[in-house]
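Biologist: Could you put the model up so that we can go through a few spots together?
Modeller: Of course, here it is.

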Amino acid sequence: HPRVADVFTTTPVIDFDEVVVGECGSLIGELENAGGVPTPFKVLPVRGRRSRYAAESDAPPPPSEQFAVRVKGVGKAAKEGGKALREGVVPGFGKALLSVRFYPKAIGDVEEEIVVRLGEPLNRDVVMSVRGRGGAVPVHLNGRDVCDFKSIAIGCSYRDAIVVYNDGGAAAKCVVKIPKELRGIAEVVPNDFVFVQGRSHAVFSLKITPTDDTLERCAKWRSDAGAGQLAIPMRVAVPTQSAPVRFTLKCAPTGSALLFDPPRLDFGRVPAGETSIVRLKVTNSGALSQRFGVVGLPSDVTVEPGSFGEILGGETVVLDVRYSPIAAVYPPKEFEFTLKSLLGGKTYTAPCVGSSYDPPLTFPVGNVITLPPTAERERVVGSVVVRNRGKHEETFEVFTPEDASDALHVTP
């Protein structure tokens, strides 16, 4: 039929079978003209298949992001881009070829349509069905997409293992790429690369040590989920695999310092045998709980309620530091209050000073009175000796416990 155009497709279904996500598959679609009249055509943007129940007035399906089509053999115009890539002519008694490429974005089946709009004299559409399946990449993290360190203390080191699996038959070279903002903060061992043998796995060790400027350096990755939360994109590069293996490093850097109030402990002048108490407030400036211990104190210094404890994030605990000299001390005694935290093994100190003197009144026999068991309505007597070692007259008063005032009397 030299004066008739008869264009049809010899490839009504283009099936890519399986293409690995991130890779590209390429096949050829064909238009054939059984008549002698050349027919121009234009390839419309590939879209999802329209439901057979959809009305003509319904909006068309969205353009495809996984299939791309261009006309083969359109000369230099094809290199210039634009419509020339999608337009051509089916010659009389000839063929036109379409290059169809599949870029799977996710694992699973995809089916869409290529619509070729024919020009004069046919003015109709030729439809080709194109389908494919996105396949899993051979190198992967076995479904793990987050490495979550949760809250991490500034100055402390944390580690996690990144296990890379290779389902392919050949060994794969893998490198963990660290963003430049994390240089000096995050470290990978081994830091160059590992070879993951086929149908096996290998392990990277990821170490992170946050610094004071971590939040500032990584500000673009701060999450809206909470203040100080970071969600940093990471990837494992595989040269033999187009799609890198991606995961997210999550962490929330927080301070870890323990603050003392007052910063210096002054016990003043204390009579020998008596006790001076300074109330010390210890505040945890971070969000992580810390276990601590007070160590290295002199024998005449004690801590109440105890030398060991735990302080929650943002909490303040009160310690009573008791200085009980047993003899006169001059010049004033200087020492350090030392507190060690198990979080990072940090040590915090506060300078201390105190002096003691011999009081003019003493108990030469002792300051403990031991009374024997006494029956009800009976009376026993004990004595205590008070001595004045000074040169001047001193006055004194004896106080008895309130709950024993009915039974305990002091004379004269």
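Biologist: Leaving out residues up to four places away in sequence, which residues does Val-13 touch?
Modeller: This is a predicted model, and in it Val-13 touches Ser-129 and Arg-131 once residues up to four places away in sequence are left out.

Biologist: Where does Val-13 lie, and is Val-13 buried or partly exposed?
Modeller: Val-13 lies in strand β2, which covers residues 13-20, and Val-13 counts as partly exposed because its relative accessible area is 42%, between the 20% and 50% cut-offs.

Biologist: And how far apart are Val-13 and Phe-267?
Modeller: From C-alpha to C-alpha they are 92 Å apart in space, with a separation of 254 residues in sequence.

Biologist: Switching to cysteines, how many disulfides are there?
Modeller: The count is zero, taking a disulfide as a pair of cysteine sulfur atoms within 2.5 Å. For Cys-218, the nearest cysteine sulfur belongs to Cys-251 and is 7.3 Å away, so by that cut-off Cys-218 is in no disulfide.

Biologist: Which residues make the nonpolar surface patch of about 830 Å²?
Modeller: That patch is made by Phe-363, Ile-369, Leu-371, Val-380, Val-384, Val-386, Phe-396, Val-398, Leu-408 and Val-410.

Biologist: Where is Leu-371 found?
Modeller: Leu-371 is found in the loop between β29 (361-362) and β30 (387-388), and with a relative accessibility of 42% Leu-371 counts as partly exposed.

Note on methods. Residues are numbered from 1 along each chain as its sequence is written. This is a predicted model: local features need pLDDT of at least 70, side-chain atom pairs count only at pLDDT 80 or more; totals for chains, interfaces and linings use all residues. Side-chain values use heavy atoms; hydrogens and water are left out. Patches are made of residues with over 30% relative accessible area and no salt bridge: like charges are joined within 9 Å, nonpolar side chains (Val, Leu, Ile, Met, Phe, Trp, Tyr) within 5 Å. Accessible areas come from the Shrake-Rupley method with a 1.4 Å probe; for residues, only the protein chains shown count as cover. A salt bridge is a side-chain nitrogen of Lys or Arg within 4 Å of a carboxyl oxygen of Asp or Glu. Helices (H or I, at least four residues) and strands (E, at least two) are DSSP runs, numbered from the N terminus. Buried means under 20% relative accessible area, exposed over 50%, partly exposed in between (1.4 Å probe, protein chains only). Contact means heavy atoms within 4.5 Å.
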